[in-house]
Every structure is written in structure tokens, then in C-alpha cells.
Amino acid sequence: MKRLWITLTYIVFTILLIIPLIRIFTGAWAEGWQGIAEALTRPQSLHALMMTGMIVVIVTVINTLFGVMLAIYLVRAPWLGPRVKQLLNSLVDLPFAVSPVIGGLMIVLLLGPNTVIGTFFEAAGFKVVYALPGMVLATLFVTFPLMVREVMPVLQEIGSQQEEAASTLGAYSWYTFWKVTWPSIRWGVIYGVVLTVARSMGEFGAVLVVSGNIMNKTQTATTLVYQDVENFNVLAANSVALVLAAISIALLLLMEWAKKRKGH
Amino acid sequence: MHIEVKDLNKHFGDFHAVRGVSFDIQKGRLIGLLGPSGGGKTSILRMLAGLEKPDSGDIIFHGRRVNDLPPQERGIGFVFQNYALFKHMTVYDNIAFGLKVKKQSKEQIRERVMSLVELTGLKGFEHRYPNQLSGGQRQRVAFARALAPEPQLLLLDEPFAAIDAKIRQELRTWLKDMIERLGITSIFVTHDQDEAIEVADEIMIINKGRLEQKGSPWDIYKNPQTQFVASFIGESTIVSDIAKLRGFEDAVAWPDTKALIRPEYIEVGRPNEFSIISATEPGRIKHIHFRGSEWMVEVEVGEVTLITYRSLEKEVLQPGQEVQVLIHRAYLFNDSDSWIMENKLKEDPMPIHI
Amino acid sequence: MLYFVVLIVLPILGIYTQSLSGGWATFWASVSDPLAWKAVLLTVRLSVVATMINVLAGTMIGWVLIRYRFWGRSLLNSLVDLPFALPTAVGGLMILLLLGPNSLIGDLAGKLGFEIVFHEPAIVIAMVFVTFPFVIRAVQPLLEEMDPSEEEAAYTMGASKSKTFLQVILPTMLPGIISGGMLAFSRALAEFGAVVLVAGNIPGKTLIASVFIFGEVESDNPQGAASVSILLLTLSFLILWTVNIIQSRRAGK
């Protein structure tokens, strides 16, 4: 019986995950190194990869800062009533429930060229939708819960006594955070960072809607793959996808490593 | 540090945890907050520390109202029940924490930390992490850490609750000595009567948020002022002349000392029920009362009537019967001091060395 | 704090107001457009299928990975998280390559009369791929926490392995299966990237809700897009809320 289940498990994994990965690799390799290099050095490829890179960095930094802060508020702040905390807690999970396309739509509706806020920004020379800021916002929205959700359970588990002890010894908030809280949540935060990087790199739907997918202007790596597929440019699509897949696997390994360190 | 508390109140939601508590504490005293779990003792302690805010009432340290001062500024040391040591720091760093916050120089810190390490008997362990220490060692680190910044007031929340029974006794004595030596005003919370009696100069009995009685252990046992206190402390016997009792002859060295003997520490029975018969003395049963789960026995020994309990499993004793009585220990009190005295004869006077 | 409010709450409110801004009539018109509700129906139906598959496969895999020791176990365990790490578009591409008209399996299936890519099966596969980790990761901690003495007690009382599984172990895993399944369902409903590449997106046939919304946005019909979004959102919120309740009830136990 046991053998059967294990074999079945292997089969599922192979079909669902392993073979497809191999296919991307072989697909990109169709014309060897040359083909891949050409596809990757197209101006739109370089631009798209750079766009993805920028978004990832900006989103990760912002969401880490605010995510950790919010997690601390939600778990520790004594001045927030328990009802309010519960409500906020459920709200944090909101982006998980929202389809990325809808997420992008919301940004367009709120800040698009036809809206009050949008035209305000545009007059100031600052384009939001169909430009980087909009894409960053969309990705912020989608990846928001990741950091908060990683840090909160850790904070709850370690309890507030060490922090109270620090306060009786004369330490104020910032000092206590650095010396007492941070060492305990460090690995949870790192794991959250890896998750956020992976998610923001992979974001597709929301960014597609918000960016307009304008080649060489607002295209990201993922939307470029989409475009290449639609244009039947399979080799190029595979090459870009290969880069993304390789980074994802690296991230996956990082994830597992950080998870172990966190678990200790 | 002179501490005054006036009419302290605290609610947790609908639960009225602390009701109109008022008391005064003088500098250098060791006070025990004693009472059943959930009675409000820890809440009072935490409010004194600034870790909780009272709903109403005043807390005054040395003439100054401190209600609005955060814990960082109150000059207190707090020892938590579960030690709350900083897991990622060594023993040295834990103790040094309060000093580093004050930005003292490295040499100053080193001097103070090492002297505390010696004082608490942790020499050689400075570079260990909390998870490499035993319970008793961790407690001592917590203590040293709280003392490092030279606080005016030391607060301890059930400091021995998480410790093995065997080590508890040692640590208790050690703590009391330490605090007396340093002369620091201290308040500790406990639900263990023996601990309170043994360690504290004065006890405050707290039940259901109210202060039932405040006084020396001796006062409380002699004159319980409320129903609750009387039932809480149980029926102990007070003896003026303990030196007359067998095994306690050494007490002549301290005249004017009275003794309090808890019923749990008196054994009565027929001669064949005792292993160290030489430590017992004869007595006569005066009365015997059935208490549902055990017998309450009043036994006369010389001029003293002692109260004790006897299991239902044992042979039933009759009033008027001659029995042997073994007193295990007694609490001795006089105006300046209190301590426990063990029955000296319990030790085999002629040990056989192999 | 403010960041949170601005980033999350405002956009959600925005969408609700926008779609209703054209009045109830417009909202109703957009929603009752046959293409719209067909898309939603299709999405729900296929998500249910995908979730069912995931529940079955996920429970089995979660069980195997926790209970059995075999070569490659930790490798597989790490691979479970791959769909979390991989961009959905890449996932879609992988499926396209694997099962599309030019591939081995695609050819084979075509000969058997089975159409995969650009038809419903592909959508289901894409959904299964993307939601693969959810049930597994929800079931594993429950299995780890479970006290082995419960099982042992059952055996000593004469219960067979399968009976024990059904009556002792499965109920312990159940909250995980349910909440994992609901999360998977919610995610499947919302999935865009993987599906859009493989579905063919034929209106009324293989057009799922999220792609429909995208189409409306591209055709400059934000109202229509918003209306269907509301439907999808409300459904997702209900699910999320239910999951939260289940989880807090479990924590309260």
C-alpha cells in the first residue's frame, strides 16, 4: 500500500512540476546558447527584465518596512481594542482573496487618467497608471499580506515578556526593538522577504492591467512572456521564462533554507 | 524607597481585578503579596512597575506620584516568573543590558556585571546562553539582571514558581540573604504560604482584588482580622516556650521568641508509627474531631496544646490516649527576626559510617 | 497604519463605488450579459473541479511526505512550494509546452479525441498547478501535531489500518483539508496568469471570469469589468471569512 502511495506521489510531482520545467529548458535550448542569448538581449527583453528588477526591489523594501511595523502593531499595541485588531487582521488577508486582475482594475479605477486623483498627479507630471508608479502600487497591494503574515505568528510565539523586561531595565521602544525583538523575528522576516521577492517577480495579472503592457515602456518580464506567446514567438518566450524559472528555483531554495532557520 | 499606594483600582474588561487597595511600604522592607491565584497580586505588582495602568488611584514613590511614569523611568527591577531572559544574549549581556542602555563605560559595566556574577554564584557561566542553564541558574541571572542598574525597588513575580521543589528551598534562603544584604526595598508575589512566612518581613494578604490584612507573619497568624485570612492560614499553634519542646532545646539561646507550629508539621501516633522515636515526646490526646477527609487532633504535650491532622487511613486514636508526638519544624519569631527551626533530633545522633 | 488603510481599504471601496456609479440598472445589465455570467459560472465550476483534484491529491501527498521516509522526500517537500515561487505566466507557458498541439502529450491526446490546451482541461490543469501547495501545506502541520497514541489506541482495540485512517486520522486532518481546500478554491477563482496563456479564451466556452474582466478593461468598459469584479470579490470574501472562522475555532479548541 505504502509503495503505491509513494509511487503515485512521485507521478503527480513528475507530471505536474518536473516535466514542465524540463520542457521550458529544452524549449529555450532549441537553438542552443545562441538562441537564448539573442532572445534575452533584445531591447524589449532587457527593458522588461530591468522593470521587473526595479519593481521587485522597491516593493520588497516598502512592504518589509510597513509589514513588520503593522505586524508589531497588530500583535503588541495595547491601545488597540481586540475587536479592532480582529477586523484589521481579516483585512490584512484581503489581497489574497482578490484576483490580481481585479487588483489592477482597482488601481486603474482609482488613479487612472480619467479620475480625480489621476489627473491631479498627471498635471504634476507624475504618471501613475500605465507607468512605473502604478505597477509598483499594484504589486504592493498583491504582496502586502506576505510579510505581515510571516512576522505575526513569530511575535505571538515569543511573547511580550522579554520586551517588558527590557522596559523595566530602562530601554525605550527603538532600543528594545533592535536588541530584543529583531533577533527573534529575524528569520521570519528573511523568509518573508524571499516570499515577497518571488511574488513580486512573478506578478502578472495586476501588472498587465495597470501597465498597459507597452513594450519598452511598461513591460515586465512576465508580461513579455505573455506577449511572446501571443505572437507565437515560442523561443523568446521560453528564454525569458527560463531566466524567471531559474531565479524562482534559486528563491525556492532560499525559502526552504530560511524556513529551516526560522523553525529553530 | 518609601512607597505609598492609595485606593488602587483596575478592571480587565468587566472583571474588577483590583479593588481600592491602599498600603504603605517602608524603605528596605521585604514584603510578600500572598493570596490565591487570580486574586490580583500580580496586577498590583505590574501596576507598581508601570507595566499596567491603574484605572484609578495613586502610586507614590518617595513622595512623587509615578502613575504617569513609564517603567523605564521608575527605577525598578523586575524579576518575571518565567525569567524572561533575552534568549539571544549571553549571561553577561543579559546582566549588562540595563547598564548598556544607560551608556555606561565598558570598564564600569564589566566591573558591575562581574561583581553581580560573583554575588549570584554564576562565576564561569558568563558566556553561556540561557538555554544552556538550569532553572535555578536562570533565575539567578534574572535576579542579577534586575539588580544591575541599582534600582530603588525590586519586584518579583512568583520567582520560584517555575523551579524544582528541591532547589526552591535553597534559592529562597539565598534570595532572602541577598536582599537583606543589599538592603533594597522588595516586593514579591507568591501563592505559597511557607514561602511568604519564611522570606518576608511583612505579608499582605490579597484576595479577590482586596487587601485583607497587612502585617508581620507573626501578627497575621496570631490575629487574623478577616474570615478569609483566618481560613487561609489554617489552624496553627502558637507556643511561647518552644525550648521546652523536644528537639528545640536550642531555642533557649533566643529568649522572648515565640514559635508558630503549622499543623502539617506535627505528627501524632502510636510509638510503632515512628522511625526516629528518639525525636518524639509523649503527649495525650485531648480532643479529636472528624473533618470529612481527615481527623483534626488536639494533643497536649506538657503545658502546650498542639493542633494537627491525622489521616483516616491510620489507626483511630481516642481522647485520653497516650501517644508520641513529633514536631518537624517551627517558625520562630521575635521583634527583629523570623526563621525556621528544624527539630534537631530528627537527624540520627549516631550515624553509622561505613 | 495609514499606509495600510490607503493601500488596502481605499481600492476595495473604490471598486464597489465605481461599479455602482452607473446605477443599479447598469450594474445589472453588465452582470446579466450572458458572456459575463457564463464566465463566472465557468470559473466557479472549473475551480470546484480543480479544488476537488487538489484535495484528493494534496491529502495523499501531504500524508506521504509526513508519514513515510523515502529517498528524495525532502526534495519533493521543497518542490511543493514551487508554484508559490514561480511566476504564473511561466507556469502557464510550461503547461502550454507540455500539453500543447506541438507536444508529445498533446499529439497523443488529440489522436484519442481529447483536446487539452485551449479547452477546459487545460484550465483545470493550470488551476491545479497554481493551487497545488495549499491543501498539502494545510494538512502537514496537523499530521505533525497529531498524537501518535491516538492511532496506537485504535490499533490496540483491533481497528484495521484503513478503518483507523478513516475514523481517527482523517478527522484530525479534516480542518486542514477544508481550510486548504477553501484557500485553493479562492485562489483558483482568482487565477489569471496561468490560465490566460492556455485557455484560448473563447467567450462563452473557455473564458474565465478574470480574463473576462481583463477583456472589459482592454475594451474600455470599466463599468462592466467592475461589476463582474464585484461578484468575484464578494464570493472570495465570503470564502476567506469562512476560513478565518474555521481557523479561529480551531485555535480556540
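Me: Before we start, what makes two residues count as being in contact?

Reply: Two residues are in contact if their C-beta atoms, placed from the backbone, lie within 7 Å. Bear in mind that this is a predicted model. With that cut-off, take the contacts in chain B with a separation of 6 or more: 64% of them join residues 24 or more positions apart.

Me: Thanks! Why is Phe228(B) called partly exposed?

Reply: Phe228(B) has 18 other C-beta atoms within 10 Å. A buried residue needs 20 or more, and an exposed one has 12 or fewer, so a count in between is called partly exposed. Phe228(B) therefore gets that label. For chain B as a whole, buried residues make up 40% of its 354 residues.

Me: Where does Phe228(B) lie, and which residues does Phe228(B) touch, not counting those up to four places away in sequence?

Reply: Phe228(B) belongs to helix 8 of chain B, residues 227–233. Leaving out residues up to four places away in sequence, Phe228(B) touches Asn207(B) and Glu212(B). As for Ile205(B), 23 residues apart from Phe228(B) along the chain, the two C-alpha atoms are separated by 9.3 Å.

Me: How many helices and strands does chain B have?

Reply: Chain B has 8 helices and 19 strands, and its C-alpha trace spans about 70 × 55 × 40 Å along the principal axes.

Me: And how many residues does the contact take from chain A and from chain C?

Reply: The contact takes 58 residues from chain A and 58 residues from chain C. On the side of chain A that touches chain C, helix 1 (residues 2–28) gives the largest share, 15 residues. By class, that side has 46 nonpolar, 8 polar and 4 charged residues.

Note on methods. Residues numbered from 1 in each chain as written. Chains lettered and ligands numbered in written order. Predicted model: local features only at pLDDT ≥ 70, side-chain atom pairs only at ≥ 80, totals over all residues. Helix = DSSP H or I, 4+ residues; strand = E, 2+ residues; numbered from the N terminus. Nonpolar A, V, L, I, M, F, W, Y, C, P; charged D, E, K, R; others polar.
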